[in-house]
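Thanks for making the time this morning. I would like to walk you through one model, going from the overall fold to a helix pair and then to a couple of individual residues.

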Amino acid sequence: KQDNNSIVNGYILELNEISHECMAGSDDTVERIDSLADRIRDDREAVKEKRSNTLAISYVFVVVADVAIFIYIYFFILRPFDELEEYAAVIASGNLEKDFKYRRVNMFGKFTWAFDHMRTEIIQARKNEQAAIENNKTVIATLSHDIKTPLTSIINYIDLLKKEDLQDPKIQHYIEVLEQKAQRLKVL
């Protein structure tokens with residue numbers, strides 16, 4: 001820009017000189033004006049060509065920058081997100097055995113680690129749940145056995161009491177209540 005200003009200032013000075021010579025009546029004024037006009041046209045063409053080259057370079061730079069930004073967005077945002085989406089579909093289908101290799105270099109590094117960690121926690125929770133179910137079955141079987149033995153004894157004692165010739169209606173009533181409760185426990 002500074003070169004353009006100095007060129008324009010040179011033209012102005014030369015035009016002033018020509019103007020003074022014209023007033024003084026010099027004969028080579030027309031030739032100097034033609035020469036100056038030719039130089040101005042040449043310089044204007046050079047400036048246009050320089051601008052054209054600058055625009056072309058700028059255009060190439062913008063295109064290269066756009067391509068670089070697109071490649072960055074694709075490889076570091078879109079592709080990892082697509083991989084994570086596919087992995088989520090695999091996990092949602094119930095396949096918890098497939099692990100997810102995360103990369104720390106992308107934006108989703110911590111997120112993918114957390115997602116994979118969640119998968120391992122679900123696996124562990126399912127194992128714990130299965131162990132708890134097995135433990136409950138064992139406890140129920142043990143309790144059932146431990147309850148059946150004394151319950152059978154109680155039912156046998158009730159049968160013995162019923163065979164006794166007890167005349168008291170209160171005792172008969174208590175024996176019937178005991179028998180009903182024992183039969184209910186046996187069903188449970």
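The secondary structure of this protein consists of four helices and zero strands, where helices (H or I, at least four residues) and strands (E, at least two) are DSSP runs numbered from the N terminus, and read from the N terminus the order is α-α-α-α. Please keep in mind that this is a predicted model, in which local features need pLDDT of at least 70 and side-chain atom pairs count only at pLDDT 80 or more, whereas totals for chains, interfaces and linings use all residues. Residues are numbered from 1 along each chain as its sequence is written, and side-chain values use heavy atoms, with hydrogens and water left out.

The protein exposes about 15600 Å², of which carbon and sulfur atoms supply 61%, the areas coming from the Shrake-Rupley method with a 1.4 Å probe. Taking contact to mean heavy atoms within 4.5 Å, residues 24 or more positions apart account for 48% of the contacts with a separation of 6 or more.

Now to the helix pair. The axes of H3 (residues 109-163) and H4 (residues 169-187) come within 10 Å and cross at roughly 150 degrees, the axes being lines fitted to C-alpha atoms over the stretch in contact, with angles running from 0 to 180 degrees between N-to-C directions. That crossing makes H3 roughly antiparallel to H4, a term used for angles over 145 degrees. On the H3 side the contact is made by Leu151, Ile154, Ile155, Ile158, Leu161 and Lys162, and on the H4 side by Ile175, Leu178, Glu179, Ala182, Gln183, Leu185 and Lys186. These residues divide into nine nonpolar, one polar and three charged.

Finally, two single residues. Tyr174, placed in helix H4, counts as exposed at 52% relative accessibility. The C-alpha atoms of Tyr174 and Ile158, 16 residues apart along the chain, are separated by 10.0 Å.

Conventions
Parallel < 35°, antiparallel > 145°, perpendicular 65-115°, else oblique. Nonpolar A, V, L, I, M, F, W, Y, C, P; charged D, E, K, R; others polar. Buried < 20%, exposed > 50% of the residue type's maximum accessible area, 1.4 Å probe, protein only.
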